[in-house]
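Here is a short report on one protein chain. Keep the sequence and the model open while reading.

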Amino acid sequence: MSQPEYTTAQATALTNHDRKPIQIPGSIQPHGVLLALSTQLEILQVSNNTQAYLGKEPENLLGQPLSYLLDPLQVEIVKQCLGKKIGNSNAFKVLINTLNGEKYFDAIVHRLEEAVILELEPTNSESELSFLGFYSLAGEAIAKMQSTSNLVEFLHLVAEEVQKIIGFDRVMVYQFDESEAGSVVAEIKREDLSPYLGLHYPATDIPAQARELYTRCFLRFLPDLTAEPIKLVPTENPTTHQHLDLSYSVLRSFDWCCAEYHQNMGVKALLVISLIQEQKLWGLISCHHQTPKYISYEIRKMCEFLGQIASSELTHKISHSEWDYKVKLKSLQSEFLESISQADNFIDALIKPEIRLLDLVSASGAAVCLDNEITLVEATPNIDEVRTLIEWADTQVSDNLFSTDSLPKLYPEALKFKDTASGLLLLRISKVRRYYILWFRPEVIQTVYWAGNPQESIQAQVDGSLSLSPRKSFEQWQETVKLTSLPWKACELDSAIALRNAIVGIVLSKADELAKINLELERSNQELASFAYAASHDLKEPLRGIYNFSTVLLEDYSQVLDDDGIECLQTVISLSVRMETLINALLRLSQLGQAQLRLQATNLNELLNQVIEVFRASRQDSGLVDIRIPRPLPTILCDRVLVNEVFSNLLGNAFKYNDKADQWVEIGYLDEGLATGDWRLGKSFLNPIPNPQSSIPNPQSPITFYIRDNGIGIPQHHLETIFRLFKRLHSQEKYGGGAGAGLAIVKKIVELHNGKIWVESSVGVGSIFYFTLE
């Protein structure tokens, strides 16, 4: 049977076994007597061994008041139990007259919802163990356990002190892992016995219902695993007509599977003490003896008390051993978050220096995913593998945090990169955007030593069903575990969650700050645009007056002016025309700043035809204009009037700044995925633009349009500055003058469409202007 098949079979059999109601066996162990009482303390049920211990047949006790057995003072003690919580027990000594004379018993009483349980164990002691006597036995053990901070040494001391008190052949401390399997982490044993220290045990060895009972009852004692159980009379409670719940009973009989399992180990007596950490079952102190062995109730209570002390100290020892590591993570986390909060670039803050992001959870590699941008740090799968892994996680992981130390078992594709990512810790930062941080750990091949082959516990029945059966062999059995990494610790998971919470807090804080800044900028921009509009509009009137009066002076008073005066007036007229051009450009730009886009589906072929017709009509040499359109342009959603202005400006500039005899301009768009690097000058001007007639742009991605020419070109150091307002590269006398506002207006229109514009050029060869419209 393969490991996956075994795991499935184990889960099926374990589920079936876990359904067995071991808390209602209908019987008790034979070393005592049990009586079930009504809330009025009437005897409703008894164990079928009262004649041997009390000298009275069961039928003679049923229906009798408890005072039939106990004196009034003892009955009053039992009555006090009615006011206690379910499961809380009380113990005292009782003296009962039997046919064989007076006998002392340890009486243990606890209440259920519908009954009171009284259990009697015979004892030779007439008095209860005094506090001083109890302290003398337990005090030294407690002092030793408290003397060490080392967890391994502490667990060894726990086993040693318990063994001193009860004298069993073997005392082990057994620890559960995340899968409910366990291992022996400390052991004190008789020299001739084989060691179990370091051996692992499957979860099937201690089923779920047994583990649940250990969390409620901190001690379980089976003095003779070969003893026959004693039935209750009657079998069901006559009041409830249900089997009696013996969850809290000290005499509850044991399951045959438990008895056979331990007898296969050579064990005849068993004492188990629970170790609880943070209200969960951390492990067990399991005590084995090769022959039947009875321990008094008082000694057992002392062991239970030591178990509670050990549980309390266990939390302290574990916390102490993890404290330094947690402090390190907290310190790193604090430093890390401070740098993120102050950084301008989020990714740089996460990965520089790289070791901080990895140390935050002790990982060997990491990947930061912000939408489609993925940044890898140290040892990771490649970007394509990480992207596919995230797509898988999107469909499989619903929480903000996901971790596994065996990714290939959940995601078979991970077999390809098990050397770097057998362990995965995935942190989802945003559910709206695809923001993830992934940490990776490599495969660590481990050798696990089991106490016998764990697969032997799965047995196939005649009907084909699977069941658990006690294993017969506990000889060391070796298993090699592959495709797993070191497990992620709880404090590492906490560190990842803290990182997410801090990032969200920082992002919200920055968003709030940015919103305030944007609001202020918007207000300032509106004021500036309003000022620019008002100023440019109001300046035109006095400027028009200057122009008109200068013209009148030239026309009506030229005969009284000398040549210098006439030249000065002509200069004033020229400058006023120039200034009006600048004011009109400023007015246009301010209008764009306040414009609302009127988006509509626009056929760019029709729009471009209109632009070209107007352009040809405005040029006397229209017959020489060579405008190339390699393929039809798409229909897009845009502001038709503004986009018309973009094409008009760029087309006009293409011919305006061209000194070639044969001038031409080409207008088109790039295919999706074609990098502009393939269009660098030298290649794009020597080779024709690809023109697949069947190519249709993807409407989900922005289209990159281009206008290229064979004009004079632009020096490289001017490529970023040409889009500034009133920026000219030539004097007014060259290339027809102009205000130097056309490209600034084009850039504004493109940005209003959430697009961008850029240029590639080579002096003497030509230019290509690219722009996108989203």
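## Basis

This is a predicted model; local features need pLDDT of at least 70, side-chain atom pairs count only at pLDDT 80 or more, and totals for chains, interfaces and linings use all residues. Residues are numbered from 1 along each chain as its sequence is written, and side-chain values use heavy atoms, with hydrogens and water left out.

## Whole chain

The protein chain has 19 helices and 29 strands. Both are DSSP runs numbered from the N terminus: helices are H or I with at least four residues, strands are E with at least two.

Of the 774 residues, 46% count as buried. Buried means under 20% relative accessible area, computed with a 1.4 Å probe on protein chains only. Contact means heavy atoms within 4.5 Å. Among contacts between residues at least 6 apart in sequence, 67% join residues at least 24 apart.

## Gln29

Gln29 sits in the loop between β1 (27-28) and β2 (33-37). Is Gln29 buried or exposed? Gln29 is buried, with a relative accessible area of 2%.

Leaving aside residues up to four places away in sequence, Gln29 touches Arg220, Phe221, Leu222, Pro223, Val250, Leu251, Arg252, Ser253 and Phe254. The Gln29 side chain reaches the backbone oxygen of Phe221 at 3.0 Å.

## Helix α6

Helix α6 covers residues 151-166, which is 16 residues. At 1.5 Å a residue, α6 should span 22 Å; its end C-alpha atoms are 23 Å apart, which agrees. The expected span is 1.5 Å times one less than the number of residues.

Asn150 caps the N-terminal end: a side-chain oxygen lies 3.1 Å from the backbone nitrogen of Val152. Just after α6, Gly167 takes a positive phi of about 70°. The buried residues of α6 are Phe154, Leu155, Leu157, Val158, Ala159, Glu161, Val162 and Ile166. An α-helix has 3.6 residues a turn, so residues three or four places apart point the same way.

## Cavity

A cavity is a set of points on a 1 Å grid over the protein atoms alone where a 1.4 Å probe fits but cannot get out; lining residues have an atom within 4 Å of a point. Grid points are joined across faces, edges and corners, and the volume is the space filled by probe spheres set on them. The count is 1 cavity of 30 Å³ or more. The largest cavity has a volume of about 30 Å³.

Its lining is Cys369, Asp371, Asn372, Ile374, Arg387, Ile390 and Arg434. By class, that gives 3 nonpolar, 1 polar and 3 charged residues.

Terms used
Buried < 20%, exposed > 50% of the residue type's maximum accessible area, 1.4 Å probe, protein only. Polar contact = N/O pair within 3.5 Å; in protein donor to acceptor, adjacent residues only side chain to side chain. 1 Å grid on protein atoms, 1.4 Å probe; cavity = no way out; pocket = protein on both sides within 12 Å on 5 of 7 lines; lining within 4 Å. Nonpolar A, V, L, I, M, F, W, Y, C, P; charged D, E, K, R; others polar.
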